[in-house]
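Subject: Structure for your files

Hello,

Here is the structure we spoke about, with the sequence alongside. My notes on it follow below.

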Amino acid sequence: MQKILQDRVSTLALTILVVGLVAALVFPETFPTFGNFSQVLLNLSIDTVVAVGMMVLLVAGVFDLSVGSVVAFSGGLVAYLLYFHQLPVPLALLAGMAGAVLIGAINGYLIAYQDINPMIQTLAMMGIVRGGALMVSGAGIQNLPYWFNAISQSKLLGIQMPVWYMLLTVAVFSFLMQKTVFFRRYYYIGSNEKAATLSGIRVQRMKMIAFILSATLAGMAGILLASRLGAALATSGRGLELRVITAVILGGASLSGGHGKIPGALLGAVFMGIVSNIMIIARVSGYWQEIILGLILISVVWVDKALQKRTW
Amino acid sequence: MKKSLFLLLVVFGCELPPRQNTATTAATAVNQTKTDPGEEEYVLVTTAVTMPMYVNHDQAAFKRWGEKMGVHVSILGPAEWDIPAQINTIEEVLGTRPTGLLINGTNPAIASVIDKAVNAGIPTVVYDSDIPQSKRHAFLGTDWYQIGQMQGEEMVRLTGGKGKIAYMGILGLTNMEAGFQGLLDVLKKHPGIEVVGKYDDKANVEEAARITSDLLAAHPDLAGLCGFDSNSGPGMALAVKEAGKAGKVKITTVDWEPEHLQLVRDGVIHMLAGQKRELFTWYGAQMLYDMVHQTNRLSANDARAHITNIPTTVNTGLLRITKQNVDQFIHSTPSP
């Protein structure tokens, strides 16, 4: 019992269950339906894919504020190449992903090897990439090819594809972070960077790889979003970085590094998605939604801290 | 065996999206089962739900309409300008089966979710900017291209068709880009006018002021400025006043919040191209109501005939506010 209550993933899963049960009792006709659940999962799928990359970064003790701009840029670049240059879908996808990888590599190199503060570097990159997104997307690009739209608009077992991509991403990164020596090094780096360096871990290279991974996942999320909307928008992903960091913190990560599990990123996003869904069903005004989400974040982290301090 | 079962699931469980998503003018049948107004709920979904202009005009009129008609009204949407979040909100609202949906046409990307609402039999009206590629039952609002034209024509008149002009707004928004184009199409007919820049003020007063002061430093002979979002005007006016050029640099912009009106009265802003936003939501909601209640039935059964009994497109027109008529707006309050 003590172990369960002191593990954020377990407490969050329990909280989601309780909140879900209460909502099902209060709104029996609209909340506990297959349609509503699949819609909630679809709505949080893009954020969760980005959150997985952010979790890896936060475990390593760093973060990336440019992910929202990368989402807009990668989707915009693919749409631009498809619409204006009629590139085949696979080639355009490759170009979009390559753009995201490049942004991650620049962030990673300047932060890891040139010792630029992650907040300053990724804040600057956020503006640069947003400008790039505006250049490629302009007022928005619509009428994208059918097979590009099919990437996100197809369904498997009645559930839209981004949900499956999200689950696959979570499963792959959960395995990597828990079972592989390479990825477990991020926990050592986040807990004590100096000790990690002294023990022979190539911290700079590992950090650079983490930024590349995070940007790659953001790039993938941007492509999935553009495909889902059937359009690329320069304004996509505005504020996404803060939503994602909130979800990851809710899911057990710490800004000081060394903590967090990939399923926590998913559960953090699910929790925020369910709360937001309940507020929509309950017709809670937009003014209150932000306040309630903020209060919930503080409450969850506070209760979790209290549980961890308690001696059983 | 397990592998074969999984493959079967994947093959038969996979469903591709429909081939073409084109809008049709024929209306999709609408559910008309609810007739008691007390049970009805009309939902307005926008993005940037807390934006003062939306709250003071669109949402206030929508609430007044709900009170007058004795129906429930709800206003939903993300606090920030976030189109995917607006789409998510609409998707989640559909599951709750509202009587009617009034949607702010923020971007063409919302077309598919509008189609989803229409296909679900929910009366759906779009306001502010049209989404013509969707199956929306009706649109009412202003033509942003005309807003740009109106500002361009006024700027030509104010400057005598000569001098340097710059303009700003939120880049990347479909409606504003249409407004920019309207402005440029007028200005390019006047060779004496030089357009020195297009700027993104991010709907932020401080940013609009910073851009303007930089422009005044780079072009001391700047003749005019055109604004396209609610905060462009106050920002441009602030920087022009601080540079001691109030009245000399001509300013036209959009919206007519109290601070805009005061700046017109003070002679800092020369013209406001105002939208009749109250009409968007009041008549938009009324259209939804008329659809549901078949107020003006046009056939034996409009739903079965696949027609709508409301206007398809309504242009609510523009207000031209200058120093000559500004006092009428400063003293006016929206009718109860």
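**Between chain B and chain A**

Between chain B and chain A there are ten residue pairs in polar contact, with both residues of each pair at pLDDT 80 or more. The pLDDT figure is there because this is a predicted model, so please read everything below as computed from that model.

The elements that give two or more residues to the side of chain B touching chain A are helix 1 (2-13), strand 1 (14-15), strand 2 (41-45), helix 2, strand 3 (72-76), helix 3 (83-94) and helix 6 (174-187) of chain B. Helix 3 of chain B makes the largest contribution to that side, with eight residues. Sorted by class, the side of chain B that touches chain A holds 23 nonpolar, twelve polar and nine charged residues.

In total, 44 residues of chain B and 38 residues of chain A take part in the contact. The two chains bury about 3300 Å² between them, and carbon and sulfur atoms account for 57% of that area. On the chain B side, the residues that lose the most area to chain A are B:Pro17, B:Arg19 and B:Glu92, which together make up 18% of what that side buries.

**Salt bridges and strand pairing**

How many salt bridges are there between chain B and chain A? The count is three. In a salt bridge between side chains, A:Arg283 meets B:Glu41, with an N to O distance of 2.6 Å.

Over all chains, a search of the whole structure gives 17 salt bridges. One salt bridge in chain B is formed by B:Lys116 and B:Glu91, whose closest N and O atoms are 2.5 Å apart. B:Lys116 sits in helix 4 (residues 111-119) of chain B and B:Glu91 in helix 3 of chain B, so this pair ties together parts that lie 25 residues apart in sequence.

**Inside chain B**

Chain B splits into domain 1 (32-142 + 277-295 + 302-317) and domain 2 (144-275). Their contact uses 14 residues from domain 1 of chain B and twelve residues from domain 2 of chain B. The C-alpha centres of domain 1 and domain 2 of chain B are 31 Å apart.

Domain 1 and domain 2 of chain B bury about 1100 Å² between them, 45% of it from carbon and sulfur atoms. What does the rule find across this domain interface in the way of salt bridges? Across the interface of domain 1 and domain 2 of chain B it finds zero salt bridges, while five residue pairs there are in polar contact, both residues at pLDDT 80 or more.

On the side of domain 1 of chain B that touches domain 2, helix 2 (52-69) and helix 10 (277-293) of chain B each supply at least two residues. By class, that side of domain 1 of chain B has four nonpolar, seven polar and three charged residues.

Regards

Terms used: Residues numbered from 1 in each chain as written. Chains lettered and ligands numbered in written order. Predicted model: local features only at pLDDT ≥ 70, side-chain atom pairs only at ≥ 80, totals over all residues. Heavy atoms only, no water. Domains from an automatic or database assignment. Contact = heavy atoms within 4.5 Å. Buried area = accessible area lost by both parts, 1.4 Å probe. Salt bridge = Lys/Arg side-chain N within 4 Å of Asp/Glu carboxyl O. Polar contact = N/O pair within 3.5 Å; in protein donor to acceptor, adjacent residues only side chain to side chain. Helix = DSSP H or I, 4+ residues; strand = E, 2+ residues; numbered from the N terminus. Nonpolar A, V, L, I, M, F, W, Y, C, P; charged D, E, K, R; others polar.
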